[in-house]
Amino acid sequence: MTTSLQGLLAGWITGQRWFAGKGRAIDDLSIESEIEIAAGDPALLHLIVCVRQGERRTRYQIPVGLREHLPDRLGHVLVGTCRRDGREVNVYDALHDSALTGHLLEGMAADRRFDGLGFHPAHGAEIDTSLRSLVLTAEQSNTSLVYGDKYIFKLFRQLNPGVNPELEIITALADAGSAHVARPYGWIETELQGEPTTLAIMQEYLQNANEGWSMALTSVRDLYACPEGMPAEDAGGDFAAEARRLGLATAQVHRELARAFPTGTIEPPEIKRMTERFRRRLDKAVAEVPRLGEHAAVAAEAFDRLSDVGHEIPVQRVHGDYHLGQVMRTMTDWVVLDFEGEPGQPLAERRALDSPLRDVAGMLRSFEYAARHLLAGHPNADGLESRAREWSERNRAAFLAGYSEGGGRIRGDDAVLLRALELSKAVYEVVYEARNRPSWLPIPLAAFR
């Protein structure tokens with residue numbers, strides 16, 4: 001009995017890192033769109049599938065390759081075999097086949113359309129179509145390819161109708177001459193439910209840059225290895241100067257976003273509604289993670305203070321998922337990546353105006369994680385607690401100093417809002433760690449002391 005393409009994908013998709021419906025049975029998988037980008041052997045198909053799990057329906061895009069004979073190097077991405085056009089073919093994840101991914105570069109360079117798929121170069125971009133691709137394996141919700149040492153191509157696996165915020169933001173900031181975004185080279189789009197929808201984005205690959213998270217962890221390790229009593233500023237890998245530069249870059253990006261997109265304000269009634277949402281999340285978190293209960297009063301007090309703010313708060317476009325893993329240090333400055341916001345949220349929410357202090361709060365929480373996550377399971381965790389606190393406080397202060405120096409606003413009631421946003425983020429982290437990494441639970445709990 002020959003298995004259909006739908007049947008093959010239904011059995012395969014649940015094992016993919018980017019599949020969002022893990023732990024629930026698939027009731028149905030249907031192919032909504034099938035477009036041939038390259039014919040022959042190998043062939044390249046672009047599929048959009050809809051997965052139904054109970055009442056939930058989720059779209060994914062899956063580029064698949066078809067080969068009559070599959071080379072050993074592609075055996076690990078085989079989906080299965082089925083009959084196509086009267087012959088038996090191997091179906092596999094095409095993003096791992098550099099013989100096929102070159103068509104994606106060629107399509108962008110030529111501004112080509114394939115029966116509903118639009119390949120577009122960025123304004124003024126010249127694309128080298130001779131480069132071969134390599135898949136990056138670290139991502140969870142998307143799939144990225146690196147072409148040579150020039151481009152990084154990010155394909156969004158889960159699809160929602162609409163333009164992805166990342167494409168909007170990097171295009172606008174690059175056109176404005178921002179030094180803090182990687183240059184865009186092109187994108188792919190289609191139409192879903194009558195809306196132009198972003199499928200993939202290609203940007204400059206920052207080959208010689210260092211990730212902020214890795215740099216911070218190196219600094220923390222250096223401090224932990226120093227003799228007891230040595231101040232953090234005297235440790236070999238002190239990060240404070242970089243934290244200040246990162247704060248400065250963050251403020252500059254916020255100013256550029258405010259110039260490039262509409263801004264607004266939220267009035268006291270909406271501030272109170274926001275605070276009520278924070279309180280409801282806190283109550284749900286305490287119910288799920290009772291250990292949070294002994295610290296809940298700290299968050300409740302911060303939310304009460306925010307509720308008492310009697311003036312409007314400025315809002316604008318923001319990053320939305322800002323942490324040390326979203327920034328890269330080049331030879332000249334910090335570059336900000338992944339402006340798509342939290343992937344699990346609807347596009348309308350990710351594109352909504354928000355306080356720039358939400359990004360600041362996210363980065364402050366990231367400094368806490370960098371300082372403390374190495375303590376999980378460490379034989380001398382108690383003895384290093386003071387060092388972790390010292391590192392976090394020093395780098396948080398440096399980041400805030402840089403943010404203020406760059407024109408970021410943190411004064412008066414802004415500090416009240418920042419504290420509430422930071423503790424709301426910590427409430428979310430408590431639930432996440434309790435569900436996924438219980439040994440890390442002390443990290444977000446420390447925020448409430």
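User: How should I read a helix pair here: within what distance do the axes of helix 4 and helix 9 come, and at roughly what angle do they cross?

Analyst: Two packed helices are described by the distance between their axes and the angle between those axes. Keep in mind that this is a predicted model. Here, helix 4 (residues 212-225) and helix 9 (residues 357-372) have axes that come within 8 Å and cross at roughly 45°. The two helices are therefore oblique to each other. The crossing of helix 4 past helix 9 is right-handed.

User: Which residues make that contact?

Analyst: Helix 4 contributes Trp-213, Ala-216, Leu-217, Val-220 and Tyr-224, while helix 9 brings Ser-366, Tyr-369, Ala-370 and Ala-371. Sorted by class, that contact of helix 4 with helix 9 has eight nonpolar residues, one polar and no charged ones.

User: How many bridges join strand 8 to strand 9?

Analyst: Three bridges link strand 8 to strand 9 (residues 142-147), and the two run antiparallel.

User: Now a hairpin. How many residues lie between strand 1 and strand 2, and which residue there takes a positive phi?

Analyst: Four residues separate the strands in this hairpin, and Gly-40 takes a positive phi near 100°. The strands themselves, strand 1 (residues 28-38) and strand 2 (residues 43-53), run antiparallel and are joined by nine bridges. Glu-36 stands opposite Leu-45 in strand 2.

User: Where does Asp-115 lie?

Analyst: Asp-115 is in the loop between strand 6 and strand 7 (117-121). Its phi is near 45°, a positive value in a residue other than glycine.

User: And which residues does UniProt give for the "Maltokinase N-terminal cap" domain?

Analyst: The unreviewed UniProt entry places that domain at residues 12-97. Over that stretch, the chain is 2% helix and 56% strand, and the end C-alpha atoms are 18 Å apart.

Terms used: Residues are numbered from 1 along each chain as its sequence is written. This is a predicted model: local features need pLDDT of at least 70, side-chain atom pairs count only at pLDDT 80 or more; totals for chains, interfaces and linings use all residues. Side-chain values use heavy atoms; hydrogens and water are left out. UniProt positions are given in the numbering used here, feature names are shortened, and annotations may be inferred rather than shown by experiment. Two strands pair if DSSP finds at least two bridges between them. Axes are lines fitted to C-alpha atoms, for helices over the stretch in contact, and angles run from 0 to 180 degrees between N-to-C directions. Angles under 35 degrees count as roughly parallel, over 145 as roughly antiparallel, 65 to 115 as roughly perpendicular and the rest as oblique. A crossing is left-handed if the near helix is turned anticlockwise from the far one by less than a right angle, and right-handed if clockwise. Contact means heavy atoms within 4.5 Å. Ala, Val, Leu, Ile, Met, Phe, Trp, Tyr, Cys and Pro count as nonpolar, Asp, Glu, Lys and Arg as charged, and the others, Gly among them, as polar.
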